[in-house]
Amino acid sequence: MIFRLPPLPRRFLATAVASVVAFAAISLSAIAGEAPRTIDASRVLDAGMPIPLVPDVVITRTAADPPALVERSQWVFDLRWDRGDVWLVGVHSLQLPEPQTTPRVIGRFALELFEGAALIERVRFDFPLLGVPDLDAGPSLERKLRTRIGVVFPATKRGTRLELRDRATGRRWTVPWPVR
């Protein structure tokens, strides 16, 4: 009894042949001692189209985030956004099983701890449903929104001043520090 295999699709055969030819070419160039050739991907990808200009880099006066503090004890700041105003509802302590670094995230708001003029900790966050104001988008939720968030902040002995900062508007609020 003879079994007949179904015919292979042309695409499969073409791919197999191209792979064998490419492997052979690479092997022969390696044997011959030729330097491997490289392809300038930028010329291949743009296909002769003009390359768009990169937008200007904007340098701000915002300092980079300092190295994250490592603490076992943390404070949870209960913050409320109420129609454009920020309120500190309360603060309570949190004990973790082991010391943990402060997570780094992107956010419109930040709790910033200073020791004199030096920034020693920054925790960024966003209030739920509140994004960066877009002046061209028309009406926003910001004027009527009421929302809350709990922000975890390391309970360090360092620092002399804690501020809440709205990076979109530049507004700052003083937050009691040290927490008792």
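This is a predicted model: local features need pLDDT of at least 70, side-chain atom pairs count only at pLDDT 80 or more; totals for chains, interfaces and linings use all residues.
Strand S1 covers residues 70-82 and strand S2 covers residues 85-101; the two run antiparallel and are joined by twelve bridges. To follow one of these links in the structure, find Trp-75, whose bridge partner in S2 is Ser-93. Together S1 and S2 make a hairpin, with two residues between the strands. In the turn sits Arg-83, which has a positive phi of about 50°.

Next comes Asp-82, a residue of strand S1. Is Asp-82 buried or exposed? Its relative accessibility is 17%, and the cut-off for buried is under 20%, so Asp-82 counts as buried. Which residues does Asp-82 touch, once those up to four places away in sequence are set aside? They are Trp-87, Leu-145 and Arg-146. With Arg-146 there is also a polar contact between the side chains, at 2.8 Å.

The second residue to look for is Arg-108, found in the loop between S2 and strand S3, which spans 109-115. Arg-108 has a relative accessibility of 3%, and therefore it too counts as buried. The side chain of Arg-108 forms a polar contact of 2.8 Å with the side chain of Asp-166.

Note on methods
Residues are numbered from 1 along each chain as its sequence is written. Side-chain values use heavy atoms; hydrogens and water are left out. Two strands pair if DSSP finds at least two bridges between them. Helices (H or I, at least four residues) and strands (E, at least two) are DSSP runs, numbered from the N terminus. Buried means under 20% relative accessible area, exposed over 50%, partly exposed in between (1.4 Å probe, protein chains only). A polar contact is a pair of N or O atoms within 3.5 Å; within protein, one must be able to donate a hydrogen and the other to accept it, and residues adjacent in sequence count only if both atoms are side-chain atoms. Contact means heavy atoms within 4.5 Å.
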